[in-house]
Amino acid sequence: MGLFKSIGKAIGGIAKTVSNIAGKVADVAGKAVKIMQAPEQALSGFIKKAAGGLLDKLPFNLGNMIKPFAEKVIDGGMAMLSKSNLGSLFEFAKKLAPKVGQLADFAEKVKQTADKVGTFTNPAIGSSAMNNMREMFSAAQADGLAARYAA
């Protein structure tokens with residue numbers, strides 16, 4: 001009985017570790033795919049957010065008056081950057097995004113599988129699963145013994 005419990009705990013611990021790692025990979029890859037699908041928008045959004053935060057600190061509500069002009073300057077600068085060498089990097093990122101998306105999907109499936117295997121460590125579910133496994137081994141051994149002595 002201790003052997004099955006030890007095996008279950010070992011498998012459960014490994015499954016939990018694999019699940020954690022796969023979950024982190026899926027999360028990072030998912031975020032990367034969003035950025036890679038539209039890198040210009042991600043970069044300009046980041047710059048606009050940073051500039052907007054600084055403009056909000058200006059006194060006398062000057063920031064709200066300057067924001068529309070600042071956004072147009074940022075959009076114009078991004079248009080110029082997208083035609084430069086940085087634009088070719090943006091295009092490369094767009095072409096690479098589906099592959100990273102596949103990696104994210106694979107990591108998510110690995111996580112789901114590891115979570116299912118990890119149920120052996122759950123005391124409520126794991127003990128019944130271990131009892132079922134013991135009964136299957138016992139039944140197989142009984143069938144083997146019955147066949148051996150029946151002949």
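Student: At what angle do the axes of helix α2 and helix α4 cross?
Tutor: In this predicted model, the axes of α2 (residues 39-56) and α4 (residues 85-117) cross at roughly 120° and come within 9 Å.

Student: How do you know that α2 meets α4, and which residues are involved?
Tutor: Contact requires heavy atoms within 4.5 Å. Pro39, Glu40 and Leu43 in α2 meet Phe90, Glu91, Ala93 and Lys94 in α4 by that test. The residues of this contact divide into 4 nonpolar, no polar and 3 charged.

Student: What makes a set of residues a nonpolar core, and which residues make up the largest one?
Tutor: The members must be buried, of the listed nonpolar kinds, and joined through side-chain atoms within 4.5 Å. Ala29, Val33, Met36, Ala93, Ala97, Val100 and Ala104 make up the largest such core, 7 residues in all. The elements giving two or more residues to this core are α1 (2-37) and α4, and α4 gives the most, with 4 residues.

Student: Which residues does methionine 36 contact, leaving aside its neighbours within four places in sequence?
Tutor: Methionine 36 is in contact with Ala93, Lys94, Leu96, Ala97 and Val100 on that count.

Student: Why is serine 19 called buried?
Tutor: Buried means under 20% relative accessible area. Serine 19 has 4%, so serine 19 is buried. This residue is found in helix α1. Leaving aside neighbours within four places in sequence, serine 19 is in contact with Lys111, Ala114 and Asp115.

Student: Is phenylalanine 60 buried or exposed, and how do you know?
Tutor: The cut-off for exposed is over 50%. The relative accessible area of phenylalanine 60 is 76%, so this residue is exposed. Phenylalanine 60 sits in the loop between α2 and α3 (62-82), and has a positive phi of about 60° although it is not a glycine.

Student: Why is asparagine 61 called partly exposed?
Tutor: Partly exposed is the range between the 20% limit for buried and the 50% limit for exposed. Asparagine 61 has a relative accessible area of 49%, and is therefore partly exposed. Asparagine 61 also lies in the loop between α2 and α3, and has a positive phi of about 60° without being a glycine.

Student: Where in the chain is confidence lowest, and where is it highest?
Tutor: Confidence is lowest in helix α5 (residues 123-150), at a mean pLDDT of 80, and highest in α4, at 88. The mean pLDDT of the chain is 84, and 91% of its residues reach 70 or more.

Conventions:
Residues are numbered from 1 along each chain as its sequence is written. Side-chain values use heavy atoms; hydrogens and water are left out. Axes are lines fitted to C-alpha atoms, for helices over the stretch in contact, and angles run from 0 to 180 degrees between N-to-C directions. Ala, Val, Leu, Ile, Met, Phe, Trp, Tyr, Cys and Pro count as nonpolar, Asp, Glu, Lys and Arg as charged, and the others, Gly among them, as polar. Buried means under 20% relative accessible area, exposed over 50%, partly exposed in between (1.4 Å probe, protein chains only). pLDDT is the predictor's confidence in each residue, from 0 to 100.
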